Amino acid sequence: MTALQKKDHNPVAHLTREDIESLGRELDAVRASVVDTRGAGDAAYIRRVIKTQRTLELGSRALLLASRWKPAFVVGTIGLTVSKVLENMEIGHNVMHGQWDWMRDPKIHSTTWEWDNASPADLWKHSHNELHHTYTNVLGRDNDLGYGIMRVDEDQKWHPAYLGQPVWNFVNACFFEYGIAAYDLELGKYFAGRKDKAVFKRDATKVVNKIRAQMTKDYVVHPALALLTGSARRTLLANYTANLGRNLWTHSVIMCGHFPEGVETFTKTSIDGETRGDWYLRQMLGSANIRGTKAMHIATGNLSYQIEHHLFPDLPSNRYAEIAPQVRDICERYGLPYVTGSLPRQVASAWGKVFRLSLPNHLAARLKRPTRRTPVEPTALPSRLREPTAA
């Protein structure tokens, strides 16, 4: 996973400046086609998803009041897990991206939404929307790349502490919402003396209050209500299981979006003077998709279309499936990879890289499998389609 600018073979070397700017204009046109057609159908979609999630959560919590009966425990736990996944992925993540702000509905707006997660919305929006989406996969600028606890590139200096990163990554997956809350606090920046103490204290208070509210709801209030039916212990277990399931799922989806083999990283200096076309190009090369059913796409918050999401993070998520063939066609015509694969394949690829990069480079090289992806031959580069100049 050497940074793109340090590779022996650069997969975008065939693109001229004219090609890159033309690619940007084509992607602008794709975006405009969605913006111009947003309407009642899209609004109905997100309202239907929100209603489904809330009905599912309410019904599951009602079932858990009778969770002394094993079938009620099993069905209630599964339902609560699914409702938490929906709330975080297809609703919370996308609402806070501003995907539904055009509706002018204060109940479904990026400035008012607070999600069922340990990280306060305003801190998450800063670290995710403003930093991650601006500096996607730029080493030293995008902290989502390894979350500051993992080695994600051969160019990063190896240290024996990295031998433990498979364990750290698994622990982070189990407690992902709390890891994200700590990450949004910018703990590393604070301990390095680069974050104002007053600002850190203010943000830390927000995080502590949010975690207290989440834990009180899941581990105090609902189990206390279940005391009346003798189901308190099982309700407590169901809430813990639902949060664990949501964390593992969310972590897996995000890992698949930016960490499988074939996804590129970039050096800090590579974004100096970056144009709109350059930014689009980096999003396409720094993201990966997951193939699957419609239900799986919804469960991922449509982040299974991570390439499309990174190109257009504020477009309604239900439209990504519609534009994905157009984006893939652009990739093929410009000779660019469009990294995608099944969920098991992408998860295995991401975890394989976690294990491989935990080792020093001379050992990691022995574990690196040759890529199975064939180079993409450009079919219609603007610079090659130009009429030759008359002599």
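**Figure 1. Ring pairs join Y45, W100 and W102 into a cluster.** The model shown here and in the other views is predicted. A search of the whole structure gives eight aromatic pairs.

**Figure 2. W351 and F355 form a tilted ring pair.** The ring centres of W351 and F355 are 6.2 Å apart. W351 is partly exposed, with a relative accessible area of 23%. F355 is also partly exposed, at 46% relative accessibility.

**Figure 3. The charged end of R141 sits over the ring of Y135.** The distance from this charged end to the centre of the Y135 ring is 4.1 Å.

**Figure 4. K353 lies over the face of F259.** Here the distance to the ring centre of F259 is 5.5 Å.

**Figure 5. The second largest pocket has a lining of 18 residues.** The volume of this pocket is about 570 Å³. Of the lining residues, N143, Y147, Y183, E186 and G188 lie nearest the centre of the pocket. Helices α4 (121-132), α6 (176-184) and α7 (187-191) each contribute at least two residues to the lining. By residue type, the lining consists of seven nonpolar, seven polar and four charged residues.

Definitions and conventions. Residues are numbered from 1 along each chain as its sequence is written. This is a predicted model: local features need pLDDT of at least 70, side-chain atom pairs count only at pLDDT 80 or more; totals for chains, interfaces and linings use all residues. Side-chain values use heavy atoms; hydrogens and water are left out. Rings of Phe, Tyr and Trp (its six-membered ring) pair if their centres lie within 6.5 Å; planes under 30 degrees apart count as stacked, over 60 as edge-to-face and the rest as tilted. Buried means under 20% relative accessible area, exposed over 50%, partly exposed in between (1.4 Å probe, protein chains only). A charge sits over a ring if NZ of Lys or CZ of Arg is within 6 Å of the ring centre and within 35 degrees of the ring normal. On a 1 Å grid over the protein atoms alone, a cavity is a set of points where a 1.4 Å probe fits but cannot get out, and a pocket is an open set with protein on both sides within 12 Å along at least five of seven lines; lining residues have an atom within 4 Å of a point. Grid points are joined across faces, edges and corners, and a volume is the space filled by probe spheres set on the points. Helices (H or I, at least four residues) and strands (E, at least two) are DSSP runs, numbered from the N terminus. Ala, Val, Leu, Ile, Met, Phe, Trp, Tyr, Cys and Pro count as nonpolar, Asp, Glu, Lys and Arg as charged, and the others, Gly among them, as polar.
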